[in-house]
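I opened this model to look up how its chains are built and how they meet. My entries follow in the order in which I made them.

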Amino acid sequence: MSNNIEEGIGRWLSEHYGKPVRVIGLERVTAGARRINALFDAVDEQGTVIERLALTALPNLDIQIQPMTVEAAVRTLAHEAGVPTPRILGATEDMSYMGGPFFISERIDGETIPRRVLRLVEQHGIGTKVSEQLGAAFAKLHQINPALAPAELHRPKEGTVIESALVGTEAQLRELLQPSPAFSYGLRWLERNRPAEPARQTIVHSDVRNGNLIISEQGLRAILDWEGTRIGDPAEDVAWPMVRMWRFRNDHLPVGGFSVITPYRAAYEAAGGEWDDDRVRWWLTLGTLRWGLGLAKQSHQHLSGEYVTIVMAASGRRVSELEYDTLMCLRGA
Amino acid sequence: MQYRPTAAELLRDISTLLSDEVLDQVSVEVQHKVRVAANIAQILEREVQLSGPNAQREFETTRDLLGVPAGDTAPLIELRARLADALRQGELPGRDDDEVWHALVQIARDDLAISKPGHDSWTGDDWSRVS
């Protein structure tokens, strides 16, 4: 990354701390196409480290899904409610620092790469503990009064969460280049078994799963990547890390490859969350089916020339995995 | 008729070349793509061997589920579309849900034998022991 970025962050930090601050040891940590994630140290004029920090930035405003200041505000609410997530120092959409919006947070040490996370969890025998910590974290997040969330946060009209999930899935299904009897069957099942609209809509993260977690020997340290946070059905959130692909081959441990369901559910309920097996299973099935439609879409982008790469092409040949998984979600062992 | 190697044999050769020789010689950014390409060559090798019998079985299963009359010569792709439509709308006449589910699972298993053997070792979660 360029010196300009270091200079820009340094300028922002100097204003934040009210004294001259420099950035050293800037290291880019993900090769994501959209977001820039980097770790660095903030040092004072004497070169003493003030804080070890992390930067989350977008190169420009065009690719912003929702304002980064909104995401940062939600993360701060979550942090204050006791959800393990890095404390935000500040966020800005002022383009003069780096040419794009960004926020800066504290830096938390630990493992994030899924297979390494599972190895670490296995080595220290902390799978059940991680599931319990995840359950408790979700309960805390879902108990935040959604009225406190920024007004710009994506929120469906009251009483339309289930309906709009079904309508959106139907639209995706229609885009398949080759019809899928398994997905059609799955969507019909989802319609016939639709749960009531949730009694409470809450803040949801929408992408909590192995890969967006920082895990250490002590267990769950932080939940990352709040880019998709919005208002929704809390059951959607708790179901997502249970989708088979997020188990990373630990298929017999439904909660992210960490543990069986019981301790996860118990911890969620003990911390005040409301869990309904049927509702969680419904979202688990929907999440699985939608992932399959997403893979199909990746192959369409390759075929249409929009985004040509062998990796996206290969996604089309993964669709049958998700057809199978969807069918298994409907029946189970 | 082409002389040997067969298509399947050549696809195996391509996969081996990519994994054993090319992978180490390319930059980190390209390595992932090379792995994907090697895997695709393996998928195609299995497809060459299995797609004939698999397609025939799916064709017969789908005709049976739909109750297609003997004179109807619609190809598999057309039958799939009809089946998907019918399932989207509701039950198939004279078929119980269990039978339909098992048929769809068999079709998916046949597809997985090509695209990802072993993926069907998991048969769903046991929710009876939750809570």
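**Entry 1: the sheet of chain A**

I began with A:Glu27, whose bridge partner in β2(A) is A:Leu39. Helices (H or I, at least four residues) and strands (E, at least two) are DSSP runs, numbered from the N terminus. The model is predicted: local features need pLDDT of at least 70, side-chain atom pairs count only at pLDDT 80 or more, and totals for chains, interfaces and linings use all residues. Residues are numbered from 1 along each chain as its sequence is written, while chains are lettered from A and ligands numbered from 1 in the order in which they are written.

I then listed the pairings, where two strands pair if DSSP finds at least two bridges between them. β1(A) and β2(A) run antiparallel and are joined by five bridges. Strand β2 (residues 36-43) of chain A pairs with strand β3 (residues 49-57) of chain A in the antiparallel sense, over eight bridges. Here A:Asp41 stands opposite A:Arg52 of β3(A). The hairpin of β2(A) and β3(A) has five residues between the strands, and in it A:Gly47 takes a positive phi near 85°. β3(A) also pairs with strand β5 (residues 102-106) of chain A, antiparallel over five bridges, and I found A:Ser105 in β5(A) as the bridge partner of A:Ala54.

In what order do the strands of the open sheet come? I read β1-β2-β3-β5-β4 (chain A), five strands with antiparallel pairing. β1 (22-28) and β4 (88-92) of chain A are the edge strands, each pairing on one side only. From one strand to the next the twist averages 25°.

I also looked for a helix on the sheet. Helix α2 (residues 68-80) of chain A lies across β4 and β5 of chain A and runs at about 160° to β4(A). For such angles, axes are lines fitted to C-alpha atoms, for helices over the stretch in contact, and angles run from 0 to 180 degrees between N-to-C directions.

**Entry 2: two domains**

The domain assignment of chain A gives domain 1 (3-106) and domain 2 (114-331); such bounds come from an automatic or database assignment. Their centres, taken over C-alpha atoms, are separated by 28 Å. I found 16 residues of domain 1 of chain A in contact with 18 residues of domain 2 of chain A, counting a contact if the C-beta atoms, placed from the backbone, lie within 7 Å.

**Entry 3: chain A against chain B**

The contact between the chains takes 32 residues from chain A and 31 residues from chain B. Which element gives the largest share of the side of chain A that touches chain B? α11(A) does, with nine residues.

The axes of α6(A) and helix α3 (residues 76-89) of chain B come within 8 Å and cross at roughly 5°. The two helices are therefore roughly parallel to each other, as angles under 35 degrees count as roughly parallel, over 145 as roughly antiparallel, 65 to 115 as roughly perpendicular and the rest as oblique. Among the residues of α6(A) that meet α3(B) are A:Tyr185 and A:Arg188; on the α3(B) side I noted B:Leu83 and B:Arg88, among others.

**Entry 4: α9(A)**

I checked the length of α9(A). At 1.5 Å a residue its 27 residues should span 39 Å, and its end C-alpha atoms are 39 Å apart, which agrees; the expected span is 1.5 Å times one less than the number of residues. A:Gly305 follows α9(A) and has a positive phi, near 90°.

Definitions and conventions:
Contact = placed C-beta atoms within 7 Å.
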